[in-house]
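This report describes one protein chain, beginning with a single residue and ending with the chain as a whole.

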Amino acid sequence: CRVSINLEEELQTFKRKEHEYCGKEYVLPDYQSVKKGYVRDKEEQKDSQQALKLTHAMITVPGVLFSPGDIGINEAGISEAIVQAVNKCPKVLQPLMYENIIIAGGTSALPGFQDRIAQDLESIIPVGSEVRMYNNFNPELAAWKGLKLTC
């Protein structure tokens with residue numbers, strides 16, 4: 001999976017079968033002969049390996065994190081949630097909050113995640129505000145490490 005910056009455009013490339021992942025499969029690890037999953041062409045198919053056909057779901061599923069309304073959930077997406085959280089801070093601190101966004105959690109390791117947040121925030125934050133994001137080399141454990149420092 002990965003986060004698309006321009007979902008509609010990428011969906012069109014899937015429909016035209018021009019997307020780089022069309023005709024490819026993701027081989028699931030069996031932890032015996034295959035330790036880590038990988039992408040392969042369909043022609044390389046081997047009977048003993050389990051594989052998933054790569055479709056537009058690899059970009060639409062992560063897209064729901066940013067637009068939950070697409071599947072009927074009436075909630076804010078990640079970018080809107082950031083703005084809502086910052087708006088709860090005193091006005092004088094809000095620009096500083098936008099300049100110090102910390103990206104953490106396993107989902108933040110998806111390719112394109114940080115770029116999509118930056119793109120979305122640029123269109124909804126007050127004019128003149130600067131967005132700076134920081135991520136950890138190990139995003140899956142970043143929240144736990146931060147909690148450990150405060151306890």
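## Basis

Helices (H or I, at least four residues) and strands (E, at least two) are DSSP runs, numbered from the N terminus. The model is predicted, so local features need pLDDT of at least 70 and side-chain atom pairs count only at pLDDT 80 or more, while totals for chains, interfaces and linings use all residues. Residues are numbered from 1 along each chain as its sequence is written, and side-chain values use heavy atoms, with hydrogens and water left out.

## Valine 83

Valine 83 lies in helix H3, which covers residues 78–87. Its relative accessibility is 12%, so valine 83 counts as buried (under 20% relative accessible area, with exposed over 50% and partly exposed in between; 1.4 Å probe, protein chains only).

Leaving aside residues up to four places away in sequence, valine 83 touches Tyr98, Leu121, Ile124 and Ile125; contact means heavy atoms within 4.5 Å. Isoleucine 125 is 42 residues from valine 83 in sequence, and their C-alpha atoms are 7.0 Å apart.

## The whole chain

The chain has six helices and five strands. From the N terminus, their order is α-β-β-β-α-α-α-β-α-β-α. Of the contacts with a separation of 6 or more, 57% are between residues 24 or more positions apart.

The radius of gyration, taken over C-alpha atoms, is 19 Å. A compact globule of 151 residues would have one near 15 Å, by the rule of 2.2 Å times the number of residues to the power 0.38. The C-alpha trace spans about 60 × 40 × 25 Å along its principal axes. Buried residues make up 28% of the 151 residues.
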